Amino acid sequence: MTGDLFANEPPRNLLPFDGEVLLLRDIMDADEADKTFARLQSNIVWQQEIAKLHGKEIPVPRLTAWYGEVAYRYSGVYHPASPFPSIVAPLRTLAEELAGAHFNTVLLNQYRDGRDSVSWHADDEEVLGENPVIASLTFGQERRFHFRHKKTGDRLSIDLPHNSALIMSGATQHCWLHQLPKTARQVGPRINLTFRNTRPESR
Ligand SMILES: O=C(O)CCC(=O)C(=O)O
Ligand SMILES: [Fe+2]
């Protein structure tokens, strides 16, 4: 027999309990994925956010951008509604098809090299609702992603390859934290888009 034995199998839940995480590979043509990475890197207006921690101002270790059909408050900062740019709109449609859910907002992250990261957190803001479905697309450098259970401390790590989608749903945000750690390896840039469905926020 030739070919990939697992090619036609549905993706299995990577979490042992308390939530669902699916990794979908090769979500578009290889050529299209490479072009998407290049377009996102050069066309998105990337921001360097500054976090205030114990009265100190610290640059967030990654570049970010945010778009959405509804206004959103993020780290205390009010973001008015801001339409999806033409490079992002078809990615939203793809994310919706893959996840079987509707998304009205997206947070983009660019990890320029191994010094960029996102530390332990859960996407459990009230405006995302009780058991949010979040579709997280990866383009560019493969990086390792970690989950840690809030109560049991169980851990697992997943390599997120170029041209993939990680679909998190059920109790995942309620029960697990996630992070993308720094790496000492020489690595290229990675772009991530996390699509969410956010309840409109009043000013
Ligand atoms: O870069 C990633 O894969 C995840 C980013 C993330 O967790 C977030 O933006 O909330
Ligand atoms: Fe997150």
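**What sits around the ligand**

Reply: Let's start at ligand 1. Its shell is made up of five nonpolar, five polar and one charged residues. Keep in mind that this is a predicted model.

Me: Which residues surround ligand 1?

Reply: The residues around ligand 1 are Leu107, Asn109, Val118, Asp123, Ser136, Phe145, Leu160, His178, Leu180, Asn192 and Thr194.

Me: And which strands supply at least two residues of that shell?

Reply: Strands E7, E13 (176–180) and E14 each do that.

Me: OK, zooming out. How many helices and strands does the protein have?

Reply: There are three helices and 14 strands. The radius of gyration is 17 Å, close to the 17 Å from the globule rule for 203 residues, so the protein is as compact as a globular protein of that length. The C-alpha trace spans about 60 × 40 × 35 Å along its principal axes.

Me: What share of the residues is buried?

Reply: Of the 203 residues, 29% count as buried. As for contacts with a separation of 6 or more, 74% are between residues 24 or more positions apart.

Me: Let's look at a helix. Which residues of H2 are buried?

Reply: H2 covers residues 89–99, and Leu91, Arg92, Ala95 and Ala99 are buried there. Looking down the axis, those buried residues fall within an arc of 105°, so they line one face of the helix. Thr93 and Glu97, on the other side of H2, are exposed.

Me: What do the buried ones pack against?

Reply: Four strands: E7 (105–111), E9 (134–140), E12 (164–169) and E14 (190–196). After H2 comes glycine 100, which has a positive phi near 65°.

Me: Now the core. Which residues touch the most other members?

Reply: In the largest nonpolar core, which has 30 residues, those are Ala95, Val106, Ala135, Leu137, Ala165, Ile167 and Phe195. The elements giving two or more residues to this core are helix H1 (30–43), strand E4 (63–68), H2, E7, E9, E12 and E14.

Me: What does valine 106 touch?

Reply: Setting aside residues up to four places away in sequence, valine 106 touches Tyr67, Gly68, Phe84, Val88, Arg92, Leu193, Thr194 and Phe195.

Me: I clicked on tyrosine 111. Buried or exposed?

Reply: Tyrosine 111 counts as buried, because it has 24 C-beta neighbours inside 10 Å and the cut-off for buried is 20 or more. You'll find tyrosine 111 in strand E7. Beyond its neighbours within four places in sequence, its contacts include Arg62, Asp116 and Leu180.

Me: Switching topic: which residue other than glycine has a positive phi?

Reply: Histidine 54 is one of them, with phi near 50°. Histidine 54 is in the loop between strands E2 (50–53) and E3 (56–59), and it is exposed, with 5 other C-beta atoms within 10 Å. Asparagine 163 also has a positive phi, about 65°, although it is not a glycine.

Me: Where is asparagine 163?

Reply: In the loop between strand E11 (155–160) and E12. Asparagine 163 counts as buried, with 21 C-beta neighbours inside 10 Å.

Me: Last one: where is glycine 129?

Reply: Glycine 129 is in the loop between strand E8 (118–121) and E9. Glycine 129 is partly exposed, with 14 other C-beta atoms within 10 Å. Glycine 129 and asparagine 197 are 68 residues apart in sequence, and 8.4 Å apart in space, C-alpha to C-alpha.

Definitions and conventions
Residues numbered from 1 in each chain as written. Chains lettered and ligands numbered in written order. Predicted model: local features only at pLDDT ≥ 70, side-chain atom pairs only at ≥ 80, totals over all residues. Rg over C-alpha atoms; globule rule 2.2 N^0.38 Å. Buried ≥ 20, exposed ≤ 12 C-beta atoms within 10 Å, placed from the backbone. Contact = placed C-beta atoms within 7 Å. Arc of directions from axis to C-beta. Core = buried A, V, L, I, M, F, W, Y, C linked by C-beta atoms within 7 Å. Near = placed C-beta within 6 Å. Nonpolar A, V, L, I, M, F, W, Y, C, P; charged D, E, K, R; others polar.
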